Amino acid sequence: MTSTVVARSIDQFRERFTRITEEVGRRIVGHEEIVNLTVTSLLAGGHVLLEGIPGVGKTSLVHTLADVLHLSFSRIQFTPDLMPADIVGTNIVQEHAHGGTFFEFQAGPIFANVVLADEINRATPKTQSALLEAMQDVSVSVGKTTYPLEQPFLVLATQNPLEMEGTYPLPEAQLDRFFFKLKVSYPGEAAMHEILERTTTETRTTVTRVLDAAEILEMRHVGRAVPIARPVQAYAIRLTMGSHPASPYATPLVKRYVRYGASPRAAQALVLAGKIQALTRGRAFVSMDDIRSVTLPALRHRLLLNFEGDADEVSTDAIVGELLDRVPAD
Amino acid sequence: MCAGLIGGLTHWPGLVGPAILAAGFLVLITYACMARRRPRSISDGLAAAIDRDAGLHDELRSAAWFATRETRDGWTDFHVDRAADRIASVDWPRLYPSPANRPAQLTTGGIAIATLLLPVALPGLSGVSSRDTDARRADRAVSSAAPVAGVPVGLPKELDALLASIESGTLRVESPAQAAALRDLLAKLAQLHGADLKQLARAMTPQTDAAHTRSAEAVMKALADRVQRAAENAAAPPPLRDALESLSDDLSQAAETERMATHDPRQAMPAESPQDGNAVQTNASAKADETSIQVVRDADAGGGAAVLMVADPNGSGSDPGSGLGGGSGAEAQKGRMAAIADALRRETVEANANTEGADALTDLRRKSERGQATVAFTGSGARTFETGRVSGRPAVPEARRAAVQSYFVRQ
C-alpha cells in the first residue's frame, strides 16, 4: 500500500464520517458528541449503551442512524416478560404442502444490522443474556444451529437511570460487551429551540442514506489499519490497569471504591476507538489525546464498585476522571 | 589558551601555539560536521517533550517509535513521512531560540583572538617565563665573567648554582662525590673575606647596565640577602645553612664596611687593613700557618672572660702568644685578621645580646659555634696577656645589630 493510497483512504474515511455525522445532525440536535461516539463505535465494531432520561432523543438517534446508513433496523422493546426467543427467534413447526411437518427457524429481531434494545434494563437477566452471543460473536444459536448475523451488526441499547423500580441492572458480563456507554443529557437552550422548530411544524426533516453496509465495512477495515505506537498503546494499558485496585497505577479513588476494574476489552475499546478518532482527525497515527477522548465512555461501565462505593454513591465518571488526571502519559 | 600558555612556558617558537590551536579548531569543526551528519535516535521522553513544545500531538513521538522498527508497512511509512514533513515545517528557531547572546559571543570571540595572539605578542607570556629568562641571562653572565683576583675561578658560578638549587628545592646531596664537592665549595667560601666578597658579589651580578650603575654595597647586600634566604631554607642541610648564614653575615658586614668607606674612608680600614683594626696583633713573629691559639681580651669584660681562637689545633705552632696570630706577610694576615675580628665581634655581640643566657636556645648557640668552627668560648684565664697592648673593647658594630636581632627574633 503506497502513501497515496493511504492518504486517499484517510481522506475518504474522514469524508464519509463527516457525511454520517452531518446527516444525523440534521435530525438529532445538541448531541454532536453522542453522535460522534456512536458512529465511532459502529465503525470499530462495537455496541453502545445509551443512558438517559426519557425524551432526550435516544431512540430517535438510533432510528436516524439506521436511516442514514442504509442498514436494516429492528427495535426491541424490553419488558419484564420478554423472552429470549422473542429476541433471537425460535423454531416453529411448519407443514409441507404434501403433508408432514418440519421445524423452521423464525429469525427474531436480532437479525438486523442495527438493533435498538429499548430500555434493556426492564427485561430479566435471562432475556438480557440472549444478547450476549449476538453481541460478542455476531451469531445466534438456536437449538443445535448457529445462525450468523449480517455485518455490520450494531446493538444500541437504552436504559433509563431514574426508574429503577422493576428493572434489572445489566450484569457485568453484559455491560462489558458494550463498547461505549454514553450518557445522553438534556440538550441546551439553543438546541431546544432547534428541536421545537423541527418537530412542531409541518415541515419534517428528512435524511438521506449516505452509506451502505459495504462502505461501513470498508471503513472498519481502514480503521483497524491505523498504526499505534507502543508508547500510546502502553498508555491505554496503563489506563485500563489503573482501574484495578491492586495495580501500581491505581488512583486513590480506585483503591478505595473499586472492586473490579476494567477488562482487556476496555483496552481493546480504547485502542480501536482511538484509531477511529485519529482517522476522523485526518491522522494516520493514534495520539494520547485520541485515547483520552474515548476513555470515559469506554471505562465508565466497566468499573464494578464495592460496597463503600455504592454506599457513598461514587460516580464511576469521577473515578475515570481521576485516572485520566493521574496516570502518566510518559 | 592552554596551548599558548604551555608554549610560552616552554619557549616554543611563536607560531607553534597558534598552529596547535588552529589544529584543535579544525578537529572540532570536523567533529561537529560529522556529528551533524550522523544519524541519531531520540528517546521517547525527548520526542514527547518536543511534541509538546511544537504542538505536534504526539506525531513526532509516534513516528520516532515507528522509525526504529524493522517491520514497516504503507501506513507506518506514510505516518513517518508525514511526520518528517510536518517537523520540517516547524519554525524551530522560533520554538527553541538560540541560547547564546551577543555579549557572550563577543567575549568568546575576544578570548579566542587573545589566545591566538598571546604567544605571538607576548613570547614571555608571564612573570614565570620572565624570571626564567632572567635566570638564564644571569647564568650566562656569571659563567662568562672573567676570573677575579682573590676569588677562585668558577666559584661564583658554583655558588650561583648552589643558591639556585636551594631556591628551586632541587638541591640533592646523595653521593659522596657531591658531598665532597659541597664541602670544597663551602671551604672556598669560608676563605673569602673583605674585598674577595666584594669581587664575588660583583662576579655574581649579571652584567647589565643596571648592574653597572649599582654600587658595590648594593651588590653585596643583594647577594647577602639572597644567601640569607637560602640559609633560611629548611630543605637545606644544617651545615650548609650555617655556612650560608655565615657567608651572608660576611657579605652584610662587607657591605656595611663598603658603605662606611664611601662616607668615611677611614672607617673602611678594618676591612682593608685588619692590623689597624680593633683587634691588635700582639705576636707578629709567629707564622700565620702555625698560629695555634690567639687570645684577645675584652677590656671591658672584667678580665675573666676571653675569646680563645683555635686556628689550627693540629698545627705545631712554635710560640703561641696572646693576641692575633700574625703572619709573615701582610697579605697572609689580611684575611685572617678580618676573620678573627669578625668572629670576635660576632661572639661579643652575641654575648651582649644574650645577657640572660637562658634565652638563647641550645641548638642556636650550638649552631653559632658550629658556624664559626674556630671560635669557642672559654672562661679560662690561664693565659697571660698584656693589657697594654690590647686596645679598647671593640665597638659593637651597629650595622650588625639589626641582623643579629632579627636572627634571634626569627628563630
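Which residues form a nonpolar patch on the surface, and how much accessible area do they have together? Phe25(B), Leu28(B), Ile29(B), Ile113(B), Leu116(B) and Leu117(B) form this patch, with about 570 Å² together. This is a predicted model, in which local features need pLDDT of at least 70 and side-chain atom pairs count only at pLDDT 80 or more, while totals for chains, interfaces and linings use all residues. Residues are numbered from 1 along each chain as its sequence is written, chains are lettered from A, and side-chain values use heavy atoms, without hydrogens and water.

- Helix H2 (16–37) and helix H7 (102–121) of chain B each give two or more residues to the nonpolar patch.
- Leu28(B) lies in helix H2 of chain B and is exposed, at a relative accessible area of 55%; exposed means over 50%, buried under 20%, and partly exposed in between (1.4 Å probe, protein chains only).

**Aromatic pairs**
- Rings of Phe, Tyr and Trp (its six-membered ring) pair if their centres lie within 6.5 Å, and planes under 30 degrees apart count as stacked, over 60 as edge-to-face and the rest as tilted.
- The count over all chains is seven aromatic pairs.
- Phe13(A) and Phe17(A) are stacked because their ring centres are 6.5 Å apart and their planes at 15 degrees; both residues are buried.
- Phe105(A) and Phe111(A) pair edge-to-face, at 5.6 Å centre to centre and 70 degrees between the planes.
- Phe105(A) is buried at 17% relative accessible area, whereas Phe111(A) is partly exposed at 28%.
- Tyr147(A) forms one aromatic cluster with Phe105(A) and Phe111(A).

How values were computed. Patch = residues over 30% accessible without salt bridge, like charges linked within 9 Å, V, L, I, M, F, W, Y side chains within 5 Å. Areas by Shrake-Rupley, 256 points an atom, 1.4 Å probe, with all protein chains shown as cover. Salt bridge = Lys/Arg side-chain N within 4 Å of Asp/Glu carboxyl O. Helix = DSSP H or I, 4+ residues; strand = E, 2+ residues; numbered from the N terminus.
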